[in-house]
Amino acid sequence: MKSDTTTAAPIAVDQPPIDLARERANAGFDIEAMRVFLLGGAKKAELKKLAYRLIERDPILSFSTTNGHHFDLTRPELREKTMAQLRRAVAVRETFRDPDLYHAFIHAMCELSESFSMRLFVSDALFARAFRMFGTPEQAAEWVPRVMRWEVVGGFAMTEFGHSSSLRGISTTATFDAEHDEFVIDTPDTMATKMWIGAAGETSTHTSCLARLILPDGTDAGLHWFIVPLRDRETGALLPGVTAGDMGAKAGRNGLDNGWLQFTQVRIPRAHKLSKWGRVTRDGRFESGLSRTDPAYATVPATEGAAATLSYAGLIPERLEITRGVPTAVNQALTIAVRYAAIRRQGPAGNPQILDYTTVQTSLLPSLACMHAVMAADARAWQAWAKMEADPAALLRGLPDMHALSAGIKAMVTWRGADALELCRRAMGGHAVSRYNAIADAIGDFTVMTTGGGDNAVMVQQTTRYVLGVFQKAASGRTSRIDPEASVYYLADLAGTARAASKPVANWADLAHLHAHLTQLLVHKLGRLAQRIGAASAAGASLAEAWNAQLPEISSIAQLHTANYLAKALRERAGDGPSTATAAPASLQPVFKDLCALFLLDTLNAQARDLVVVSGWTGAQAEALDAAFLRACKTVRGRAVALVDAFGYPDFVLKAPLARADGSGYKAYLETIQRAPGCYGPPAYHAREIKPLTSKSRL
């Protein structure tokens, strides 16, 4: 065996800046050009810098100028700080004249604080969007400006104790009282208590409430959205009939007051039903809320059921927003972990950077590639949703596919995000256990992402149920034309998909061929799922029993369907897809090709067993795949520091001294620890609890 004669690099406090400088010099691409591209152009990139500067200099908005460390704040202190940041942000954004600066500022604040992000999201996004999606133009015009000025603080009361992801069981009622022209909102039992409602614990003055509409004749008209006042805007006291409380200690996001709500015969005016899709007349009849001149009028039946079905559409943008938030959290953690792995030297063979170890590369770099795929797909999905939101007829046409896509992408991406954060923590060893290096709190803040907006275990079923239905029609030749922009477009030509993947992979950098094998594996797994469910049903199992027996496969299919969509978006960014509209500049395309190759190889490698069992790969091909995956990790490793630099996070946003951009991490971390409360001196409990033990010693 070859002996190691490597000259050992010093483990010294002045070595990290040298290592980071070398990593950046050897990246092979323009870091600033990548940052500009990721932010959407030169103007937006400059505005983001301005937003960071504005926040860092403001003692209310930032954490850096407060006394002590914000990670040491108590829950009440963090609540107050977060609300102070919000109040200041509302005032600051009123001074902006450029909408791009407004968006840059808000996004930068959301990067700085997950608690701020969620407080803002609940009111500005969920509550305000309820008026845009479910309210009439008049209702939106009356309410949304007030919401955006925070004259009204909104909530989004959907989840109940007994029903969360399964919304059809929601049992809060809104009974129309025709005599008084009012709806009566009621929580009939304990299991109907609204739970985990953002801002309901202490703050919200109003909430949008999903409730079961009961007409005067007793007809259950399904689920609809209502606006229910909660608190006096002057005193903060709960209004008559409203019972609410805080959820107490949580794993994360402790600057947000999640709460629970109960309504006891709370009366609201008829105008407080959001009535875009269906309204109740003065005499208690249900009718369409659409104008007869609206193109969607002929498409949406004027029935209670049709309008209630459209109430679920509000979950789509919520899930897309959650998906958008994943890179915000994970990219910061990756920046911290990758920089640390580049400055941390350890080992018998010359004290190498731990980023050179294969175990560290395979822990961190697939997540880096995945987040680039998520960012590419996020832009694509939001573009499609914006078209649907602007056109009710398009919304109705595209709703099944977008619902399935948003459910699948939310599940797959948040699961990957949770895994990525934990892998970042492990890659940093004991230092990531310290809250002062940010990742521990990031994990706590992120943990709800796999549950909020619909539990992932349910989301994957919704996705696969839709995709399986389209596949079965396509396989039997009964499918109608599939929209080229639909997530299931790959099912439009099953024979073509099979041809594209008919040959073994020879070039492991061929993105089209790798993608074809991913798509074909997905098709094979859909066929196997259909066969298994059919066989179980023929053997006497109910459909529910047959479905339940296949839940692991159902979850796998939903995640592969999502990965297929992500790969398409990232290939286009790399200039390798059928469309060049979203392609990166030519100088950056090789970087994206390497990232896309790693994403595809990682996805396929995780499915190696099924590639052999279902798609007929040989063991030798699976071994070659694994070797190609390791090579791809090594390729991206050479650019890793530059890639996380290109995210552009300033040190004050990362809040992790070990990840200082200038390489001064060790010194900064020690100084941070030394400023921690109680760092020096005997503890306050010494005389009470320690001295009685140690004073007995005769040593």
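Arg 499 is found in helix H14, helices being DSSP runs of H or I with at least four residues, numbered from the N terminus. Arg 499 is exposed, with a relative accessible area of 56%; exposed denotes over 50% and buried under 20%, with a 1.4 Å probe and protein chains only. Between Arg 499 and Ala 381 lie 118 residues in sequence and 28 Å in space, C-alpha to C-alpha. The model is predicted: local features need pLDDT of at least 70, and side-chain atom pairs count only at pLDDT 80 or more. Residues are numbered from 1 along each chain, and side-chain values use heavy atoms, without hydrogens or water.

**Helix H13**
- H13 (residues 456-475) has 20 residues and reaches 28 Å from first to last C-alpha, close to the expected 28 Å, which is 1.5 Å times one less than the number of residues.
- Buried residues of H13 include Met 459, Val 460, Val 467, Leu 468 and Phe 471.
- The cover over the buried residues of H13 includes helices H9, H11, H14, H15, H16 and H17.
- At the N-terminal end, Asp 455 caps H13, a side-chain oxygen lying 2.9 Å from the backbone nitrogen of Ala 457.

**Helices H5 and H6**
- The axes of H5 (residues 99-112) and H6 (residues 114-134), lines fitted to C-alpha atoms over the stretch in contact, come within 5 Å and cross at roughly 130 degrees.
- H5 and H6 are therefore oblique to each other, a class left after under 35 degrees (roughly parallel), over 145 (roughly antiparallel) and 65 to 115 (roughly perpendicular).
- Tyr 102, Ile 106, Met 109, Cys 110 and Leu 112 in H5 meet Glu 114, Phe 116, Ser 117, Leu 120 and Asp 124 in H6, with contact meaning heavy atoms within 4.5 Å.

Notes: Helix = DSSP H or I, 4+ residues; strand = E, 2+ residues; numbered from the N terminus. Polar contact = N/O pair within 3.5 Å; in protein donor to acceptor, adjacent residues only side chain to side chain. Axes fitted to C-alpha atoms, helices over the stretch in contact; angles between N-to-C directions.
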